[in-house]
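Please read the following report alongside the sequence and the model. It moves from sheets to helices and then to a metal site.

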Amino acid sequence: MTLLNTDFTAAAAAEFEQTVALRRAIHADPEVGLHCNRTTAKLKAALDGLPLEIRDSTSTSGFVAILRGAQPGRTVLLRGDMDALPIQEETGLPFASQVAGQMHACGHDTHSAMLASAARILCAQQASLQGTIVFMFQPGEEGYHGARFMIEDGLLDDPAPEAAFALHIWPTLPGGVVTSRPGPLLASTDSLNAIIRGEGGHAAMPYDTVDPLPVACEAVLAAQTFIARRTPFFDPAVLSVTSLHAGSAYNIVPDTVELKGTLRTLTDERRMQGRAAFDRIMTQVAAAHDCSAEVRIDEGYPATRNDPRAVTLVEEIATDLFGAGTYSEMPNPIMGGEDFAYVLQKVPGAMAFLGVAAPGENAAHRPTLHNSRMIVHEDWLQRGVALHCAFATRFLARGWE
Ligand SMILES: [Zn+2]
Ligand SMILES: [Zn+2]
């Protein structure tokens, strides 16, 4: 017999001390990027002795842990990321980061610890499980494409998951609330770069120069105007120029201006339109003023799209486990990005968000993700553990029914 949902909340409660201990150990010792070897070691130690088949990623420190139930059946994937951010922690917590300039400010310490606890609970159910659970522990979510590398390593090929689930904490949601939405959840994230070249010289004699600085300003306005006026409101795009660098003195016209920015979209059509517009506007506005432009677009994550069936399943289990009103559907996507998008390109599934504010706390005013004072009320991690367990077992039992 598979544990009932209510038993998953009890099992997560019994597991709570271990969840918190592992989370705090990872939190105190953060690592950035694709090679989070100390974190991988902590996670593998937490899974040691369990009936799991561990397969390592060859291009990252990530790994999958495979639990095969006593009976064959469907395959489901649960994912937790493990990397931190290059931010100096300012929470003042007793288990704050011991690594200067690095912090788990996106909650990936909680994600991997919750997933490890779910693995321990589900391993205890092996004898009654029908099907296979793949626990995906991945580094390099913060812009390093860790999920894509693990997929390219073949870690999702055999067994091939038929459903996937990931949870992300969300500090400004009320505590314990679970939220998601069908279809587009998060945006694609391309990085924009341009160098506009003119001809520098004396600032008192601009006619003897080709001043690239007003040209860059014009190009920024043109690019942002294009996105504002040519993007349908119903299929949004965001283009933000976030960095503009030129010059060194009061009396020198610079040779070049460098600018950087980000393009966020929810569909391929809008993404291609935005990329082409940035390239064209930088190049042609520069050319109109006798300048030249060197444009480079670094491909980021695709948009994260939830399968409606998986969102229905999340709503159902959140309501069953924690009561009516626990789940609320997001009214709109968020234009942030996530590399779980790569998993969802391959496997139908869903990402959901979990509120981690303290009971009674005004969640709207809490420090957000990527803030140096971001704090998690750890009691809610039990909900994340139970959600993982219930998503996996319900999918194995019923598929997409
Ligand atoms: Zn993040
Ligand atoms: Zn994150």
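Strands here are DSSP runs of E with at least two residues, helices are runs of H or I with at least four, and both are numbered from the N terminus; two strands pair if DSSP finds at least two bridges between them. The model is predicted, so local features need pLDDT of at least 70 and side-chain atom pairs count only at pLDDT 80 or more, while totals for chains, interfaces and linings use all residues. Residues are numbered from 1 along each chain as its sequence is written, chains are lettered from A and ligands numbered from 1 in the order in which they are written, and side-chain values use heavy atoms, with hydrogens and water left out.

β6 and β16 belong to an open sheet of eight strands in the order β1-β2-β4-β3-β5-β16-β6-β15, in which the pairing is mixed. Its edges are β1 (53-56) and β15 (327-329), each of which pairs on one side only, and the twist from one strand to the next averages 25°. (Angles run from 0 to 180 degrees between N-to-C directions, and axes are lines fitted to C-alpha atoms, for helices over the stretch in contact.)

## Helices on and beside this sheet

Helix α3 lies across β1, β2 (63-68) and β4 (130-138), running at about 15° to β2, whereas α4 lies across β2, β3, β4, β5 and β16 at about 155° to β4; contact means heavy atoms within 4.5 Å.

Helix α2 (residues 16-28) meets both of these helices. Nonpolar covers Ala, Val, Leu, Ile, Met, Phe, Trp, Tyr, Cys and Pro, charged covers Asp, Glu, Lys and Arg, and the others, Gly among them, are polar.

The axes of α2 and α4 come within 8 Å and cross at roughly 145°. The α2 side of this contact includes L22 and I26, and the α4 side includes D109 and R120; by class there are five nonpolar, six polar and three charged residues.

## The four-stranded sheet

Four strands form an open, antiparallel sheet in the order β10-β12-β8-β13, with β10 (237-246) and β13 (292-298) as the edge strands. β10 pairs with β12 (residues 256-265) over nine bridges, and V241 has G261 of β12 as its bridge partner. Helix α6 (residues 212-230) lies across β8 (188-197), β10 and β12 at about 170° to β10, and helix α7 (residues 268-288) touches β8, β10, β12 and β13, its direction making about 160° with that of β13.

## The zinc site

The protein donors of the zinc ion (ligand 2) are C106 (SG), H108 (NE2) and H168 (NE2), at 2.1 to 2.4 Å. Donors are N, O and S atoms within 2.8 Å of the metal (3.2 Å for Na, K and Ca), and sites may look incomplete because water is not among the atoms. C106 also bridges to the zinc ion (ligand 1), the two ions lying 3.2 Å apart. C106 lies in the loop between β3 (71-81) and α4 (108-123) and H168 in β5 (residues 163-170), so the pair ties together parts 62 residues apart in sequence.
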